[in-house]
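User: Please walk me through this model, feature by feature. Give me the general idea, then the case at hand.

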Amino acid sequence: MMSTYSRGSILLLALVFAGIFALVSTALVGSVTSYGRAERTTVAATQALALAEGALENAVGKLNQNPSYAGETNTALGPGTFTVTVAIVDTGTKRITATGYVPNSSNPTAIKTVKANVGINNSNISFHYGIQSGNGGFSMDNLSKVTGNVFSSGSVIGSSQNDILGDVISSGANGLVYGIHSTGSVYAHTIGNSSESTLVDKNAYYATTKTNTTVTGTSFPNSPDQPFVDLPISDAQISQWETEATAGGTATSSCSGGLYSISSGSVSLGPLKVPCDLTISNSAIVTIAGHIWVTGNITVQNSAKVKMAAALGANNVAIIADKPTDQINSSTISVKNTATFENSGTAGSFVFLISQNKSAEMGGEVLAFDLGNSASALVAYAAHGYIPLANTVSLKEVTAHKIRLLNSAQVTYDTGLPNAVFT
């Protein structure tokens, strides 16, 4: 028979062991709970970082489509939200700051931020053609010649088999090519014309008709029409460059009688907005250090020289003629005599001469560019205008709504032409 003392000892031991068990259990549960919380925090941090990195990549893509993209706030994605800001660092460079929040920015479990500077990558090419014209089409006369591919949203018409050393594309259901000698292949709804013979060294791709055309390669009737291709520099990109030019100051005091004239000596310009016409003439040497926006007409003539600053390296610079209040009669560019343009001295750097004149697009006759004699304007761009090239003018690339080559004008495409997008 167990004594009262023994029963009391057993009860006491049971209570002690129960207390120890409760203490250990509480500690174990606390440890498991802390571990679970730490694991959730780690997962949330990983998700926030992935959100930030994804937002950064998304921002780069949006800058490619719209250079004016300035960011966004509290955009929902997956397990959380993200915010992006975009700041201008210098000409051609922007800084993207992307922050990811899980589950949201109001009460975040985790926050991660990534930053990157983005700029022009010269390894990518958006100028794929020596000539690219819009709906106004492309025509060639006399001894004019293109070294490079040609793309037109309108027709491509030559005379006496003008040489195009590359492929030729005329897009859409009205695509038409004739009167040229292509050393590559030709793509058009219709190839050839009874009045002008056409020569194609490689293949001919056409939807319906091939007339008076000699094809050395293979003919492919019933081929699909080639799709429309956007011109390589958007109005949004040009507007962005104008904003960057304005940020460098406005040359109001240099305008006299509606003209800023540089006729001698060495001058450094840019980034800069010129609120009047600009003329560079005689023996003047102008070094461009950033984008130039001229709210009028641009004339470069005589033996004047325009060159990029060496500090720009492999970057590029735009000289823009754009008078927003008159893009029909103004916003033109004239390069005459022996005026020349030079890059920074680094391969892959180019001057973009840009006219925003819209006369041709509206059915008018005003020339967006007047390029003559031995002018070497590097890249001529008039997305809404008409560019005729005559005499011994020689360019690296020309893009316009309507283009015509005359006399012995030549366009020699440079495969180093960079794109104008951020990557």
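Analyst: Start with an open site. The lining of the second largest pocket splits into six nonpolar, six polar and three charged residues. Nonpolar covers Ala, Val, Leu, Ile, Met, Phe, Trp, Tyr, Cys and Pro; charged covers Asp, Glu, Lys and Arg; the others, Gly among them, are polar. This is a predicted model: local features need pLDDT of at least 70, side-chain atom pairs count only at pLDDT 80 or more, and totals for chains, interfaces and linings use all residues. Residues are numbered from 1 along each chain as its sequence is written, and side-chain values use heavy atoms, without hydrogens and water.

User: How many residues line the second largest pocket, and which lie nearest its centre?

Analyst: Rolling a probe the size of a water molecule over the atoms shows where empty space is left. Here, 15 residues line the second largest pocket, and F228, L231, E361, A383 and H384 lie nearest its centre. Two elements each give two or more residues to that lining: β5 (131-140) and β29 (379-389). The top contributor is β29, with three residues. The space in this pocket is about 230 Å³. On a 1 Å grid over the protein atoms alone, a pocket is an open set of points with protein on both sides within 12 Å along at least five of seven lines; a cavity is a set where a 1.4 Å probe fits but cannot get out; lining residues have an atom within 4 Å of a point. Points join across faces, edges and corners, and volume is the space filled by probe spheres set on them.

User: How many cavities of 30 Å³ or more does a search of the whole structure find?

Analyst: One. About 50 Å³ of space lies in the largest cavity. Its lining is eleven nonpolar residues, with no polar and no charged ones. They are L269, L278, I280, I288, I292, I298, V300, V306, I319, F341 and L353. Strands β19 (277-280) and β22 (298-300) each supply at least two of the lining residues.

User: Is Y206 buried or exposed? And K115, buried or exposed?

Analyst: Y206 is buried, because its relative accessible area is 9%. K115 is exposed, at 61%. The cut-offs are under 20% for buried, over 50% for exposed and partly exposed in between (1.4 Å probe, protein chains only). Y206 sits in strand β13 (residues 204-210). Beyond four places in sequence, Y206 touches A188, H189, I191, S219, F220, P221, N222 and S223. K115 sits in strand β4 (residues 110-119). With the same exclusion, K115 touches I96 and T97. The C-alpha atoms of K115 and T97 are 4.5 Å apart, for 18 residues along the chain. Across the protein chain, buried residues make up 45% of 423.

User: How far apart are the end C-alpha atoms of helix α2?

Analyst: They are 18 Å apart; the 13 residues of α2 (residues 235-247) should span 18 Å at 1.5 Å a residue, so the two agree. The expected span is 1.5 Å times one less than the number of residues. Buried in α2 are Q237, I238, Q240, W241, E242, E244 and A245. Just after α2, G249 has a positive phi of about 120°. The protein chain has two helices and 32 strands. These are DSSP runs numbered from the N terminus: helices H or I, at least four residues; strands E, at least two.

User: Where is the peptide bond cis, with omega near 0°?

Analyst: Most residues other than glycine have a negative phi, and most peptide bonds are trans. Here, the bond from V102 to P103 is cis, with omega near 0°. P103 is in the loop between β3 (93-102) and β4. A cis bond also joins G270 and P271, with omega about -10°. P271 is in the loop between β17 (266-269) and β18 (272-274).

User: What is phi of Q161?

Analyst: Near 55°, positive in a residue other than glycine. Q161 lies in strand β8 (residues 156-165). Q161 is partly exposed, at 29% relative accessible area. N302, also not a glycine, has a positive phi of about 60°. N302 lies in the loop between β22 and β23 (305-308). N302 counts as partly exposed because its relative accessibility is 28%.

How values were computed. Contact means heavy atoms within 4.5 Å.
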